Amino acid sequence: MEQALESQAGQEDIDGASSASESEYQHQLEVMFDEDSAKRRKSSLVSSDNPKLAEQAARNKATTSCFVHQLLEKTKQSRNGQPALSYNEDHNLDKASEPRDYNVHSRLLTKRQLSEMAIGVRELSKKLGSIRLKLKVTTIFLLTKAHDSDLIELTRNVAQWLLAKERDTEYTVYVENTLEHNRNFDAQGLVSQDPSIQGRLKYWDNELCRRHPHLFDFAVTLGGDGTLLYASWLFQRIVPPVLSFALGSLGFLTKFDYADYRETLSTAFKDGITVSLRLRFEATVMRTQTAHEDRRHDLVEELIGDEAENNLTHKPDGSYTILNDIVIDRGPNPTMSSTELFMDEKFMTSVQADGVCVATPTGSTAYNLAAGGSLCHPENPVILVTAICAHTLSFRPVILPDTIVLRAGVPYDARTSSWASFDGRERVELQPGDYVTISASRYPFANVMPQGSSGEDWIGSISKTLNWNSRQKQKSFKEWDEQNVNEKTKKLKK
C-alpha cells in the first residue's frame, strides 16, 4: 500500500534561529527499517553515517538543560558501568548552557527505542521518589489565573517575597505579561518600594515559553489542577520542576498549602526537592492526502498494509504534548462518531460512540472518570482508552502499555467528521481519512511533591475529593446472650 508521511514532522529550533549546520543536521537523515518487524511503518529516523552529525547529536543530548534527561543519561551510563550519580545522597544540578534541542518525536522511535525510553523514565521516577534534588535556582517562573483578582494579589505577595533583599539569592522572577499593567498586581508599586527589584521582575508570554524553556530553573503555580495543566501546555517539551500551591477546587496535583509558601519555598531551594515524573503523551495530527470525497480508500489498509516507496498518504499537521487526555468526539455533529483504533501496526477495533478518550494515568480522574474509565495510580506506565457513550453493550475500557504507538482515525466512509482536543485545548477537526498518533512523550512532567509523600497520598486524594468508596458501614450482628434474654423474659412476666 501507500506510505504515510510521518517522518516529515517539522523540527523547530528552540531559540527560533536556524543555522546552516543545524539545517544540515536536521535534513541529513535516513529511513531505517526494523528487521524483526515486517509491519513496522517506515517512520523511524536515525542519524546518517556522517560522523559530524553523529558527534553533534551526542553533544546535544549530553548538554541538554532538561534535568530529567541529564538524569536519564546518567542512569544509562550507570547501567553501562560508567560513573554516574550516587542516589544515596542529595544531588546538585546546575543549569547547563542553553542547547539546541535534539528533537525526535517519540512516535518516530522504533519499538525497541520506545521501550528503552519508557523503561528509563520508570527507573528514574522510582529513584527520584526516594531522594532529594538540589537545584541551582536563579530564575523562577510564576503562573496563576490572570483573571482572578484574589489570586493576582496572592501572586504579588509571592513575587515580592522572592525579590526581597533578605533572600540569600537575587532571584529573577517572571510573571505573565498581562500583569505588567494590572492594578491589583501593581508592578510599579513593587519597584518603588524596593528599587533593587528593577530588572529582576520580568514578564513571560506563550512565545517565550515555547522558544526558551531552558530560561527557567523552577516554576511555581498558584491555582488548581487546571493551572498546572496550563503550565504543562506552555512547556510542550522541556519542563522545569513545578511546585503547585493548592488554590483551586480539587487538587489531585496541587499538594502545597499557600499559607506556608515562605517555608515551603525556602526549604525547596535550600534542602532540595522530591520530584514525581508524570507521564505525558505526544499526539500528532496526520492529514490524509487523498480527496475526502473518495470513499474507495480504506484507512485500515493504509495503516497496516504493505507500503509503497514513493506514494505518501498522510502528512503531519501539528504535534501536542498533553498531561491529561486526548479526546476525539463528534463535535457539533448530531450523529455519533466513528473511530478506528490501531495498536502499533495492528488494527484494534472500530468504535461507534460519541467519542473516545485516551488518557494518561494522571488524567484518569478527569474526563476518563466521567466516561466510566478506570481510576489509575499515576505511577502506572499505561495508556487508558475509554469510549464516550458507546452505542454497544459490550465495549469496556481498556488499559494498554505505554510502549506502543496508538492511532485513532476517522474512516473514509464515516458519515461525518470528528473533532480532537488536547488537554481541552487546540480543538481541531478530523476529516474522513485523518488520524492522530498517540505515544509516550520523551518529556515527562516534573511535579514537585512534599517530603515523605507516598502512593497512599493518591488514595487520600480520591477519597477526599471524589468520596471514593464512601458509604455507611454495615452494622455488625449482636451476639446471642441467653442470660440477658432470660432476665428480660422474667421482667416481662412480672
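Strands β14 (residues 337-343) and β19 (residues 406-409) run antiparallel to each other and pair over 4 bridges. Two strands count as paired here if DSSP finds at least two bridges between them. Helices (H or I, at least four residues) and strands (E, at least two) are DSSP runs, numbered from the N terminus. Across from glutamate 340 stands glycine 409 of β19.

This is a predicted model, in which local features need pLDDT of at least 70 and side-chain atom pairs count only at pLDDT 80 or more, while totals for chains, interfaces and linings use all residues. Residues are numbered from 1 along each chain as its sequence is written, and side-chain values use heavy atoms, with hydrogens and water left out.

**The sheet around β14 and β19**

- An open sheet of 6 strands has the order β12-β11-β22-β19-β14-β15, with antiparallel pairing.
- Its edge strands are β12 (314-322) and β15 (346-353), and each of them pairs on one side only.
- From one strand to the next, the twist averages 20°; axes are lines fitted to C-alpha atoms, for helices over the stretch in contact, and angles run from 0 to 180 degrees between N-to-C directions.

**The sheet with β20 and β21**

- Another open sheet has 6 strands in the order β18-β17-β16-β13-β20-β21, and its pairing is antiparallel.
- β18 (398-401) and β21 stand at the edges with a single partner strand each, so one side of each has no neighbour in the sheet.
- The twist in this sheet averages 20° from one strand to the next.
- Strand β13 (residues 325-329) pairs with β20 in the antiparallel sense over 4 bridges, and isoleucine 326 has phenylalanine 422 in β20 as its bridge partner.
- Alanine 420 has valine 428 in β21 as its bridge partner.
- The hairpin of β20 and β21 has 2 residues between the strands, and aspartate 423 takes a positive phi near 55° there.

**The protein as a whole**

- There are 13 helices and 23 strands in the protein.
- Of the 494 residues, 50% are buried; buried means under 20% relative accessible area, exposed means over 50%, and partly exposed lies in between (1.4 Å probe, protein chains only).
- The accessible surface comes to about 24700 Å², and carbon and sulfur atoms account for 47% of that surface; these areas come from the Shrake-Rupley method with a 1.4 Å probe, and for residues only the protein chains shown count as cover.
- Among contacts between residues at least 6 apart in sequence, 77% join residues at least 24 apart; contact means heavy atoms within 4.5 Å.

**Nonpolar cores**

- The largest nonpolar core has 41 residues, and the members that touch the most others are Leu162, Phe185, Phe218, Phe245, Leu265 and Phe269.
- A nonpolar core is a set of buried Ala, Val, Leu, Ile, Met, Phe, Trp, Tyr and Cys residues joined through side-chain atoms within 4.5 Å.
- Helix α5 (residues 149-163) gives this core its largest share, 6 residues.
- Phenylalanine 269 is in contact with Val137, Ile140, Leu162, Tyr171 and Phe218, leaving aside neighbours within four places in sequence.
- A second, separate core of 33 residues includes Phe281, Leu341, Val356 and Leu406.
- In soluble globular proteins, nonpolar side chains tend to be buried together.

**Helix α8 and strand β23**

- Helix α8 (residues 225-234) is mostly covered, with 9 of its 10 residues buried; among them are Leu228, Tyr230 and Trp233.
- Asparagine 447 sits in strand β23 and is buried, with a relative accessible area of 0%.
- Beyond residues up to four places away in sequence, asparagine 447 touches Leu228, Val242, Ser244, Leu253, Thr274, Val275, Ser276 and Arg278.
- Proline 444 lies in the loop between β22 (435-440) and β23 (445-449), and proline 444 counts as buried because its relative accessibility is 7%.
- The C-alpha atoms of proline 444 and threonine 321 are 9.5 Å apart, although 123 residues separate the two along the chain.

**Cysteines**

- The disulfide count is 0, where a disulfide is a pair of cysteine sulfur atoms within 2.5 Å.
- Cysteine 357 is buried at 0% relative accessibility, whereas cysteine 389 is exposed at 58%.
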